[in-house]
Amino acid sequence: MADIQTTEEYRQHLEEILPDLDANKDGFIDLHELKDALNQVGFKLAGYQVREMIDEFKSKQRTAHQGKLNLEEFETLCLDLKSKDVASTFKTVVSKKENLETLGGMSSSSSEGTTHSVRLEEQLAFSDWINSNLGHDKDLQHLLPIDSEGKRLYLSIKDGILLCKIINHSCPDTIDERAINKKNLTVYREFENLTLALVSSQAIGCNIVNIDAHDLAKGKPHLVLGLLWQIIRIGLFSHITLDSCPGLAGLLFDNERLEDLMKMSPEAILLRWVNHHLERAGIRRRCTNFQSDIVDSEIYSHLLKQIAGNDADVNLDALREADLQSRAEIMLQQAGKLNCRSFLTPQDVVNGVYKLNLAFVANLFNNHPGLDKPEQIEGLESIEETREEKTYRNWMNSMGVSPHVNWLYSDLADGLVIFQLFDVIKPGIVNWSRVHKRFTPLRKFMEKLENCNYAVDLGKQLKFSLVGIAGQDLNDGNATLTLALIWQLMRAYTLSILSRLANTGNPIIEKEIVQWVNNRLAEAGKQSQLRNFNDHAIADGKIVIDLIDAIKEGSINYELVRTSGTQEDNLANAKYAISMARKIGARVYALPEDITEVKPKMVMTVFACMMALDYVPNMDSVDQNNHNNSTPVVATNNSN
C-alpha cells in the first residue's frame, strides 16, 4: 500500500484492478462484495468491521448508488481507512508523509475511529489563491487575509459569505449578491448562506456527495478542500474554450478538425498547449503529464520563457541550478514576473503534486496563452456550447457521472454516461451485463453502437418519446436528437424526485405541479397565478419570487423586486429568484434567462424543485435514496 497515493496514479491503479474487484461485472462494487474488494487492495478486515462500515455507509447516506459503490467512492473509502482500529499499516504509511495531516472524524460517532488525510499544500495553495483574488472584497474584510499557514481557512468558510464569493469568482453572476446574508449573522443566517453556496456549486457542475451545510459549518477540512478544488478547477477550466481563446484552433494537427479539439479534456488541451510552446521554442522534450515530467522545472522554465514578452525579463537561470528545489524556486520567481506565481511552492513542483501543478498551468494559460488568433475559424458557430448544453452538462457532472462530461456529443457517444443517469432515475433498470464498459481495439465501434442502441431501448422502457432517434444518432453525436434524449432524462429525473417524495404510488405529472404552484400561492395570499409553463407572466420573475416567499414566509425582500417590466428589470428579478430558490434549498439548474425567455422545459424544473421542498422541508432528515437522487442537499467528493 505504500506506493499508492491520493493522486491520479492511485486512481489509475484502481481502474486497472477494477475487473478483479467487481465480482458482478456491473461497473460497481456491491456492498456485499466489499470485504473481498478491500482484501484485494490490502485491507484485511474482520467481518464485523466490514458490517459496521456498511451500516455507516447506509446510515450516513454516503453512497450515491444505493447498495453499491462506484470507483471514486471506493477510492474515498480506501483513503478513509487509516484508523489504527481498521488499518494500522496504512495509517503508518500516511503518518510518515510530511505533506499530510491526519485528522480525526468530526462527528461524535466517527471521532474515535475515522481519520482523513488533509494535504497541507492544498490548504496553503487555496488560502493563498483566496487572499490574492478576493482580498480586496469589502465584504470579506472580517475574514481575509487568511494566515500564512492556512489554518484559518476552515473557520473563514463558516459564515458562507466567502464560499459564495469564491463561486462567483470562478463562475461570475452564479449567485445574486442580494441573496447573501452579510449583516446581523446568526447561526441560522450563516446556514442559509452555506446552503446557497452548496446548491449553487451543484448548479455549476460540482459533484456533491457526503456533506451538508452543517459539515461545512464545522469546518471539516477534507470536505472543504474537496469542494474548493472543484470550484476553483471549474473556474480555471472555463476559459480553456474556443469561445474564450480562439487561438486554440492553432493547436490542431493537420488531420484534425475543431470537433476533435472539443472532444479533448481541459487537461489534454493544456498538455498540447505546453508542447506547442516547447516546439516553438525549439525544445525537443515533450510533456506527457503534470507530475513526473515537471519535477525538474525544465519544461516550466522553457514554457515561461516562450510565453513571456520580451520586456518581461523572464530567463532560464533556473536550469543552471542542480538542486531541484532551488531550481523550482528560481523558476517560480520567473512565473512571478508574469504575475502567475500561484498554487505552487518549490516543494509542490519537486513532489509533482497533480492538482496544484494542473492549476498552475491552467492559470498560466488563462493569463498568457501566447496563441495567434486566426482570422477566421470555419464552423466555430456550430460547435460553440449553448446555454442549454451547458446546463445539461452541469447537471450530469453534479450527478457524479464518470467520466466527467466536457462536451456532450463526444462524451455521451459510448452510452456509458447515459446508463449511469438511467440508473439514478430508476435504480436497477440497467442490465449491466449487457453494457460494454471497456472497448476492444477491433470491435470498439460496434461495441459503442451496441451500447447506444441499448440506451435507446431503456428510454423506450421509460416511455420516452424517441421517434426517429436511434443508437446511431447518439453514437454519431447528432446534436438535435442527443439533446432530445438528454432533456427527457433530466425531466424523468426531476419528476422521479417528486414521485418518490410524494410517496403516493403514482407518478407526478406537469399538470399537478401547476396546480400545486397555484394552491401554494393562493394559500399565502399572493395575487400571482400560473396557467402553464409557457405563461408569459413568468417572464418578470414575480411568480417564482412569490412562490419562494409562500414556501418560506418572509424570505423575500420585496424592496429588491423590480416592477417596471423592462428586460433589464425582469432579468434582475430572475437572478434574484434563482438565488433565493437555491438559498431555501431548491436544486435549481436553470438560469435566469430561462425565466425571462420563458423556456418551458427549464421553467418546469424550477417549479418542480420548489415543489420538492414541500415534501422535504428539513433537507437534513432525508433518507439515503432521496438524499442523493432527489433532494438539493449537498455533498462533495474529494476527487480530482
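Let's start with Asn357, which sits in helix H17, residues 354-367. Keep in mind that this is a predicted model. Is Asn357 buried or exposed? Its relative accessibility is 0%, so Asn357 counts as buried. What does Asn357 touch, leaving aside neighbours within four places in sequence? The contacts are Phe290, Ile294, Tyr300, Leu344, Asp348, Val349 and Gly352.

Next, the nonpolar cores. The largest one has 183 residues. Within this core, the residues with the most contacts are Leu248, Trp273, Met396, Ile513, Phe607 and Met610. Which helix gives the most to this core? That is H24, with 14 residues.

Take Trp273 from that list. Again leave aside neighbours within four places in sequence. Trp273 then contacts Leu251, Leu303, Ile307, Val361, Leu364, Phe365, His368, Pro369 and Leu371. Another core, of 13 residues, lies apart from the largest one. Its members include Leu31, Leu45, Val50 and Met53.

Now back to H24, and a helix partner. Two packed helices are described by the angle between their axes and the distance between the axes. Here, H21 covers residues 416-425 and H24 covers residues 479-502. They pack at an angle of about 20°, with axes 9 Å apart. Angles under 35 degrees count as roughly parallel, so H21 is roughly parallel to H24. Their crossing is left-handed.

Which residues meet there? From H21 come Ile418, Leu421, Phe422, Val424 and Ile425. From H24 come Leu485, Leu489, Ala492, Tyr493, Ser496 and Arg500. By class, this contact of H21 with H24 has nine nonpolar residues, one polar and one charged.

Technical notes
Residues numbered from 1 in each chain as written. Predicted model: local features only at pLDDT ≥ 70, side-chain atom pairs only at ≥ 80, totals over all residues. Heavy atoms only, no water. Axes fitted to C-alpha atoms, helices over the stretch in contact; angles between N-to-C directions. Helix = DSSP H or I, 4+ residues; strand = E, 2+ residues; numbered from the N terminus. Parallel < 35°, antiparallel > 145°, perpendicular 65-115°, else oblique. Left-handed = near helix turned anticlockwise from the far one by under 90°. Contact = heavy atoms within 4.5 Å. Nonpolar A, V, L, I, M, F, W, Y, C, P; charged D, E, K, R; others polar. Core = buried A, V, L, I, M, F, W, Y, C linked by side-chain atoms within 4.5 Å. Buried < 20%, exposed > 50% of the residue type's maximum accessible area, 1.4 Å probe, protein only.
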